[in-house]
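Please examine the sequence and the model shown here before reading on. The explanation moves from the overall form of the chain to the spaces within it.

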Amino acid sequence: MRNVGRAVVITSPLALLVILFCSPNLLWGQSQEHWPQFRGPGARGVASGPNLPDRWSASENVAWKTDVPGRAWSSPIVWGERVFLTTAVNRGELEPPKKGLYFGGNRLEPRQVQEEYQVICLDLSSGKMLWEQTVHQGTPKSPIHLKNSYASETPVTDGERIYAYFGNLGLYCLDFEGRAVWSRRFEPHATRNGWGTAASPVLHGDRLYIVNDNDEQSYLLCLDKHTGQDIWRVDRDEQSNWSTPFVWQHDRRTEIVTPGTGQVRSYDLEGKLLWWFTGMSSITIATPYADKELLYISSGYVNDNLRPLYAIRAGASGDISLGPDQASNEAVAWYHPKAAPYNPTTLVYDGRLYVLYDRGLLGCFRAFTGEPVFERARLPQGLHFTASPWAYNGKIFCLNEDGVTFVLSAGDKFELLHTNKLADDDMCMATPAIVGDRLLLRTATGVYCVRQPASSPAR
């Protein structure tokens with residue numbers, strides 16, 4: 001391998017293998033081309049690139065904005081020059097959602113409107129809609145919370161196909177031109193208080209994994225990505241949860257981590273239970289992820305006294321639950337009983353773990369030891385956080401439902417640099433996508449592509 005100007009020329013197959021297996025940052029680093037799943041590569045919400053924007057508004061540094069029909073809180077995903085997202089377009093009057101964390105949003109009956117479940121493809125450079133494909137049309141068979149949508153699960157792609165999951169409806173596989181490849185319908189199941197579904201699918205190799213935790217019959221399902229046929233299915237002793245599973249690859253093995261209210265469980269690639277532990281809050285939403293051989297799991301329902309945050313070591317087996325007075329054991333590196341957020345997933349960046357709380361507070365811990373760095377600090381006038389935080393270029397970004405992003409300096413002190421505000425009528429619950437020198441923000445009505453005008457083209 002040799003450098004030619006700014007290009008890298010690979011001169012041997014061995015050098016290529018070294019890059020692919022030992023240097024993932026070279027694949028996802030300065031010119032990151034893809035954001036293929038919820039929270040991007042490794043489900044970590046971290047990117048890099050010198051030209052990524054840190055200032056924007058509804059008009060400043062906006063390369064394009066594209067209106068998207070319907071209501072959906074799925075995140076956009078990106079592969080090369082294509083942006084994919086899902087939506088549910090209602091053909092009738094819908095009660096509008098309200099911003100904020102509140103009670104009274106339960107709706108126990110399905111909405112009596114026709115819904116068109118769609119997959120949409122946008123051009124990354126221009127925002128032009130390349131195609132939209134309706135995969136199903138009909139009256140919903142299950143209710144959802146006032147703030148939920150019928151398209152809250154983020155799709156996933158392998159660079160050849162898009163796998164779009166609509167929780168109580170089905171899974172739809174399309175090629176990059178929007179042509180249907182296969183589809184699977186699923187029996188709808190009742191969820192807690194009729195809140196609906198939200199856990200996204202994940203890909204590993206030739207297999208797709210789906211967790212459906214509901215109030216009737218919860219399960220983890222493994223599918224062949226080429227055909228949509230079952231490979232295996234494991235029933236789960238759980239009720240409703242909304243956490244996306246995580247495929248954890250480390251030196252010892254690859255496993256599928258599935259948080260739950262009853263237990264956090266990890267399975268091998270054939271569905272065999274590897275390890276588990278108890279001690280979560282009564283609602284589990286956040287997505288697990290790993291960094292430097294530690295796995296981070298949280299569960300923080302706001303009405304519970306127990307809102308735990310865990311760091312788990314690789315290679316565990318059996319029951320790894322903590323005892324009554326334990327803060328760690330052989331498998332649990334560290335634990336805080338009241339540190340977890342409710343909706344957002346935590347964020348590890350540059351050796352620190354940041355916790356964004358729904359009601360506008362930010363805390364920070366040492367990622368490896370769990371030692372507090374700074375206590376919960378108030379984001380000024382920052383309320384209603386559902387989207388997960390993200391990081392790049394030494395900054396932490398926290399987007400609330402009002403469309404305001406709080407930009408902070410990553411480090412040992414709480415330092416708010418500035419805020420970026422979208423339009424007054426923008427509502428934001430989806431976690432953004434980051435690719436090249438662009439940030440994609442999904443709102444209730446469309447997608448913003450934020451890009452610094454002085455930056456060189458990403459590709």
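The following paragraphs describe the chain as a whole, then its cavities, and then one of its pockets.

The model is a predicted one, and its chain has 459 residues. Taken along the principal axes, the box filled by the C-alpha atoms is roughly 55 × 50 × 50 Å. How does the radius of gyration of the chain agree with that of a compact globule? A compact globule with 459 residues would have a radius of gyration near 23 Å, and the chain has 21 Å, so the two agree.

Of the 459 residues, 59% count as buried, that is, they have under 20% relative accessible area. Among the contacts in the chain with a separation of 6 or more, 57% are accounted for by residues 24 or more positions apart.

How many cavities of 30 Å³ or more does the chain hold? The count comes to 2. The largest cavity contains about 90 Å³ of space. Its lining consists of 14 residues, and the closest to its centre are Ala-199, Val-211, Asn-212, Asp-213 and Asn-241. By class, this lining has 7 polar, 5 nonpolar and 2 charged residues.

The second largest cavity holds about 50 Å³. Which residues line the second largest cavity? Val-68, Pro-69, Gly-70, Arg-71, Ala-72 and Thr-87 contribute to the lining, together with Arg-442, Thr-443, Ala-444, Thr-445 and Gly-446. The lining of the second largest cavity has 5 polar, 4 nonpolar and 2 charged residues.

Pockets, unlike cavities, are open sets of points. The second largest pocket has a volume of about 870 Å³. A total of 39 residues line this pocket, and Ala-198, Ile-285, Asn-343, Thr-386 and Met-429 lie nearest its centre. By class, the lining of the second largest pocket divides into 19 polar, 17 nonpolar and 3 charged residues. The reader may locate these residues in the model and compare them with those named for the two cavities.

Conventions. Residues are numbered from 1 along each chain as its sequence is written. This is a predicted model: local features need pLDDT of at least 70, side-chain atom pairs count only at pLDDT 80 or more; totals for chains, interfaces and linings use all residues. Side-chain values use heavy atoms; hydrogens and water are left out. On a 1 Å grid over the protein atoms alone, a cavity is a set of points where a 1.4 Å probe fits but cannot get out, and a pocket is an open set with protein on both sides within 12 Å along at least five of seven lines; lining residues have an atom within 4 Å of a point. Grid points are joined across faces, edges and corners, and a volume is the space filled by probe spheres set on the points. Ala, Val, Leu, Ile, Met, Phe, Trp, Tyr, Cys and Pro count as nonpolar, Asp, Glu, Lys and Arg as charged, and the others, Gly among them, as polar. The radius of gyration is taken over C-alpha atoms; the globule rule is 2.2 Å times the number of residues to the power 0.38. Buried means under 20% relative accessible area, exposed over 50%, partly exposed in between (1.4 Å probe, protein chains only). Contact means heavy atoms within 4.5 Å.
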